[in-house]
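Subject: Handing over the structure

Dear colleague,

I am passing this structure on to you, and below it you will find my notes on what was found. Please read them with the sequence and the 3D view open beside you.

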Amino acid sequence: MGSFRFEKVILGDTPVRVRGVKVYDEKKTDRNEIIMDMEVIYAGDCDVRFSLSKIRAGIKDLQLHGTLRLVMKPLVNQMPLIGGIQYFFLNPPSLDFNLIGVADVLDMPGLADLIRRIVQEQIAAMCVLPNKMFVQLAENVNAQETCALKPQGVIRICAIEARNLLKKDVGVLGMGKSDPYVVLSVGAQSFKSKIINNTVTPKWDFHCEMMVEEIGQNLIIYVYDYDEMPRQDEFLGRTSVDLSLVRREGTMDVWLDLEDVRKGQIHLKLTWLGFSENPVDLKSALLESQNHGLASCMLTVRLDSAKNLPVVHRKAGLQGIHFGKNTQTVKEGHRPDPYAILSVGKVQHESTTMEKTSDPVFEETMHFLVRNPLTDTLLVKLMDRKTSFELGTMKQSLDLVFGRAGMIMEKQRFTLNTRSEAKVTLDMQLKILKHGIQGNEEDLDDEIQLPDDTNTAPAGDKSAISAPPTPPPAPADPDTVLKRSPSVKQPSIQSIHEDVIVKQEESRPLLAAIPGQVGSDDDKNMKIRMTIRYSQTTHQLIVVVHSVANLPIEQEELPDPYVKLYVLPERNKKHKTEAVKDQCNPLYDERFEFPIIDLRGKTLEVTVCDKKYIRSSPKLGDVLVALDDFQTGNSVTNWYPLVE
């Protein structure tokens with residue numbers, strides 16, 4: 001909103017807390033940079049003032065929590081050894097604050113929510129990808145070139161449907177249904193689906209796609225119930241997906257549990273698209289994208305500079321454009337403050353503003369998703385910031401770029417349609433969107449180490465780590481939690497009967513145990529039944545210990561078993577259940593949470609002990625569960641064999 005602006009920003013004396021620092025090794029970075037992720041938490045005594053039209057208000061009790069990435073580049077051979085620091089949030093941080101001033105006094109319906117949304121959007125526009133902040137530490141470092149975005153790929157999303165959503169609208173005879181829609185976002189990019197009225201099982205079939213700038217970004221999904229003003233849209237749940245997993249799988253077809261609500265799931269199809277420089281791939285890309293109006297290519301434009309822009313002439317209160325060639329005779333204050341607007345179709349990007357010059361040097365890089373390079377056109381418009389006068393425009397058909405060698409057009413000068421001799425210099429490159437291009441395989445293996453089916457250790461090997469069970473393919477039953485793409489290896493029919501699928505019923509909590517499912521009667525080995533799920537929104541590993549079966553009887557006495565849990569290798573936090581007296585098949589249904597930013601390389605250690613004896617609690621059995629494959633956020637319930 002153009003009328004919104006911050007008037008004063010004072011963060012106060014309370015420092016930002018930092019935890020969970022992660023530094024990437026040379027496999028994931030260039031030799032000319034250092035990349036660091038850190039979890040930042042701020043809850044301080046800030047004093048922020050802003051204005052919105054004629055409303056003046058402020059913010060207090062600001063709380064912020066998110067993952068901040070620092071990119072230190074380029075590395076130089078003189079102090080301070082780092083040319084500059086980029087900092088940005090990979091995903092929108094969680095924000096909470098109280099409003100003061102007019103907005104608080106008037107308490108107008110919807111005003112507080114409107115201001116809250118605008119503030120969040122302003123923060124995202126400053127420092128949430130693809131937007132970056134930069135601090136220059138050494139001379140001769142070009143900030144624009146250093147912060148230029150280099151997309152890793154494109155995520156194509158289809159929000160197919162949802163089910164078992166909460167009923168938020170009140171009907172004539174009581175509770176009605178909802179009018180749900182879904183909001184999908186990656187960094188500061190966001191798309192909203194259409195609204196489906198009066199249903200808790202909406203079918204959107206909504207398609208969109210977004211560029212992924214950095215591996216480590218998440219796809220954030222929010223579901224809302226639409227309400228007419230002045231009522232605020234009501235929250236129906238949220239979830240998220242780690243996009244590095246989509247990059248590895250290629251295609252994922254999943255049902256995801258909605259978090260922070262009692263029930264609800266959403267069905268998504270996610271596809272990772274890489275970049276091809278082969279023009280032959282355009283035909284297949286067009287065939288795949290044309291049905292839903294999606295992109296077939298990515299256009300990269302480097303706006304280098306402009307020359308001989310016309311001078312803004314102000315005389316006797318009259319404003320206009322002066323096209324004289326001898327610009328040296330015009331006062332410096334009359335030179336324009338030029339900026340550029342580049343657009344392809346409905347998508348447009350705006351450059352920074354250069355002050356008081358007819359020969360601006362921008363050196364900015366912009367990216368566009370293009371539907372059809374054979375028919376689409378790039379429009380470049382140079383404007384003056386002070387007067388909003390148009391300094392010149394040009395159009396370039398993208399089929400000329402497609403026809404060049406390598407689909408690259410370098411250092412091309414274009415004449416602007418003005419009476420002056422104004423020109424603009426651009427670099428352009430097209431890349432075709434294509435399946436199956438996932439980048440460096442070595443890097444991918446380092447990012448996500450998924451367990452291999454061939455590495456399953458034999459029962460009885462105490463040092464073995466049990467891989468998490470693979471969820472079965474979705475049957476016709478609509479209550480199945482997770483459905484995998486046919487391209488992913490599916491379990492056998494036998495394993496389908498052996499695995500226990502979490503059912504979602506309105507009268508039962510999300511991770512409640514399903515009574516009566518105790519495994520095969522022929523299986524007399526010790527085992528423990530658990531539900532394991534990872535929340536990417538709250539960064540919590542959730543473990544529900546349901547029951548233990550077939551514990552041994554020692555010295556003709558029934559055990560008093562309890563279960564303790566650690567996450568390795570840190571062992572920072574221990575959880576344990578209550579002991580159940582005199583029971584070989586105890587039931588617990590106890591839930592535990594471990595705060596973990598990244599599951600990769602982590603292992604859950606589960607040990608069953610006997611509390612029968614006062615001086616010691618002998619171990620009855622244990623199991624180690626690899627957590628890598630739970631990063632997707634899927635919820636899996638299964639029996640795990642215990643080893644003595």
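To begin with the cysteines, the count of disulfides comes to 0, where a disulfide is taken as a pair of cysteine sulfur atoms within 2.5 Å. Cys-46 is buried, with a relative accessible area of 8%, and Cys-297 is buried as well, with a relative accessible area of 0%; here buried means under 20% relative accessible area, exposed means over 50%, and partly exposed lies in between, with a 1.4 Å probe and protein chains only.

Before going on, please keep in mind that this is a predicted model, in which local features need pLDDT of at least 70 and side-chain atom pairs count only at pLDDT 80 or more, while totals for chains, interfaces and linings use all residues. Residues are numbered from 1 along each chain as its sequence is written, and side-chain values use heavy atoms, with hydrogens and water left out.

Next come the nonpolar cores, a core being a set of buried Ala, Val, Leu, Ile, Met, Phe, Trp, Tyr and Cys residues joined through side-chain atoms within 4.5 Å. The largest nonpolar core has 35 residues, and those touching the most other members are Leu-299, Leu-342, Leu-378 and Leu-426. Once neighbours within four places in sequence are set aside, the contacts of Leu-299 (heavy atoms within 4.5 Å) include Val-344, Met-366, Phe-368, Leu-398 and Leu-430. Another core, of 33 residues, lies apart from the largest one, and among its members are Val-182, Ile-196, Ile-221 and Leu-268.

Turning to the sheets, helices (H or I, at least four residues) and strands (E, at least two) are DSSP runs numbered from the N terminus, and two strands pair if DSSP finds at least two bridges between them. Strand 22 (residues 338-344) is joined to strand 23 by 4 bridges and the two run antiparallel, with Gln-348 in strand 23 as the bridge partner of Ser-343.

A further open sheet has 4 strands in the order 33-30-29-36, and its pairing is antiparallel. Its edge strands, each pairing on one side only, are strand 33 (587-595) and strand 36 (636-641), and the twist averages 25° from one strand to the next. Between strand 30 (residues 540-549) and strand 33 there are 7 bridges in the antiparallel sense, and Ser-547 stands opposite Leu-587 in strand 33.

Strand 31 is mostly covered, since 7 of its 8 residues are buried. With strand 34 it runs antiparallel over 8 bridges, Leu-565 standing opposite Val-606, and with strand 32 it pairs in the antiparallel sense over 2 bridges. The hairpin of strand 31 and strand 32 has 6 residues between the strands, and Arg-571 takes a positive phi near 55° there.

How do the charged side chains meet? A search of the whole structure finds 23 salt bridges, each a side-chain nitrogen of Lys or Arg within 4 Å of a carboxyl oxygen of Asp or Glu. Glu-605 lies in strand 34 (residues 603-610) and Arg-571 in the loop between strand 31 (561-568) and strand 32 (575-576), so the pair ties together parts that are 34 residues apart in sequence. Glu-605 counts as buried at 16% relative accessibility, whereas Arg-571 is partly exposed at 40%.Lys-8 forms a salt bridge with Asp-47, their closest N and O atoms being 3.0 Å apart, and this pair links strand 1 (residues 4-10) with strand 4 (residues 47-52) across 39 residues. Finally, Arg-302, Asp-304, Glu-363 and Lys-411 are linked in a network of salt bridges.

With best wishes

Technical notes:
Axes fitted to C-alpha atoms, helices over the stretch in contact; angles between N-to-C directions.
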